[in-house]
Amino acid sequence: MTVRLPPPPKRIGLDVSLAIVNIVLLLIFFFLATGQLLNPVESEVDLAETRDLPLDQLPSPILIVTQEGDWEIDGRVVAKDLLSVAVDDLTEPRVLHILMDGQAPASDLLELSARPELRDVALRLVTLHRRPLP
């Protein structure tokens with residue numbers, strides 16, 4: 001008579017995935033905590049500010065919107081009603097660079113770009129960086 005023995009129980013392997021997840025979470029918490037200490041949050045952001053611009057260093061044609069709301073195209077004052085005449089003088093390809101004050105409301109830029117005169121003109125925003133004096 002042959003007696004069959006039950007098969008040996010399967011060995012249970014260690015599941016290391018939980019340990020790996022714990023280590024990763026601890027590392028994330030560590031870097032978040034030390035990053036906050038090394039890089040304190042500043043309460044105020046200093047934006048670049050432009051005072052006087054040499055027109056020869058700027059792209060052309062450029063529409064400069066001053067802080068007072070006046071418009072200048074390549075140094076010539078343009079009335080808002082006559083923008084279509086100034087835009088008709090643009091050479092092909094019709095590209096107009098726009099420079100506005102950094103403190104101007106975004107709605108001013110949106111209103112300007114929505115004008116029907118600029119529908120067929122490629123608009124490019126120009127930003128300037130003020131370097132700190134040594």
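Leaving aside its neighbours within four places in sequence, which residues is His97 in contact with?

## A buried histidine

This is a predicted model. In it, His97 is in contact with Pro59, Ser60, Pro61, Ile62, Leu63, Arg124 and Val126, when neighbours within four places in sequence are left aside. His97 itself is part of strand E4.

Is His97 buried or exposed? Its relative accessibility is 11%, and the limit for buried is under 20%, so His97 counts as buried.

## The chain as a whole

The protein chain has 3 helices and 5 strands. Along the sequence these elements follow the pattern α-β-β-β-α-β-α-β. Among contacts in the chain with a separation of 6 or more, 62% are between residues 24 or more positions apart.

The chain has 134 residues, and 17% of them count as buried. Its accessible surface is about 11,600 Å². Carbon and sulfur atoms hold 59% of that surface.

In soluble globular proteins, nonpolar side chains tend to be buried together. Here the largest nonpolar core contains 15 residues. Leu63, Leu83, Leu112 and Leu118 have the most contacts inside this core. Two or more core residues come from each of these elements: strand E1 (62-65), strand E2 (71-73), helix H2 (83-88) and strand E4 (95-100).

Rolling a probe the size of a water molecule over the atoms shows where empty space is left. The second largest pocket has a volume of about 250 Å³. It is lined by 14 residues, and those closest to its centre are Val65, Trp71, Lys80, Met100 and Asp108.

By class, the lining consists of 6 nonpolar, 3 polar and 5 charged residues.

How values were computed: Residues numbered from 1 in each chain as written. Predicted model: local features only at pLDDT ≥ 70, side-chain atom pairs only at ≥ 80, totals over all residues. Heavy atoms only, no water. Core = buried A, V, L, I, M, F, W, Y, C linked by side-chain atoms within 4.5 Å. Buried < 20%, exposed > 50% of the residue type's maximum accessible area, 1.4 Å probe, protein only. Helix = DSSP H or I, 4+ residues; strand = E, 2+ residues; numbered from the N terminus. Contact = heavy atoms within 4.5 Å. 1 Å grid on protein atoms, 1.4 Å probe; cavity = no way out; pocket = protein on both sides within 12 Å on 5 of 7 lines; lining within 4 Å. Points joined across faces, edges and corners; volume = space filled by probe spheres on them. Nonpolar A, V, L, I, M, F, W, Y, C, P; charged D, E, K, R; others polar. Areas by Shrake-Rupley, 256 points an atom, 1.4 Å probe, with all protein chains shown as cover.
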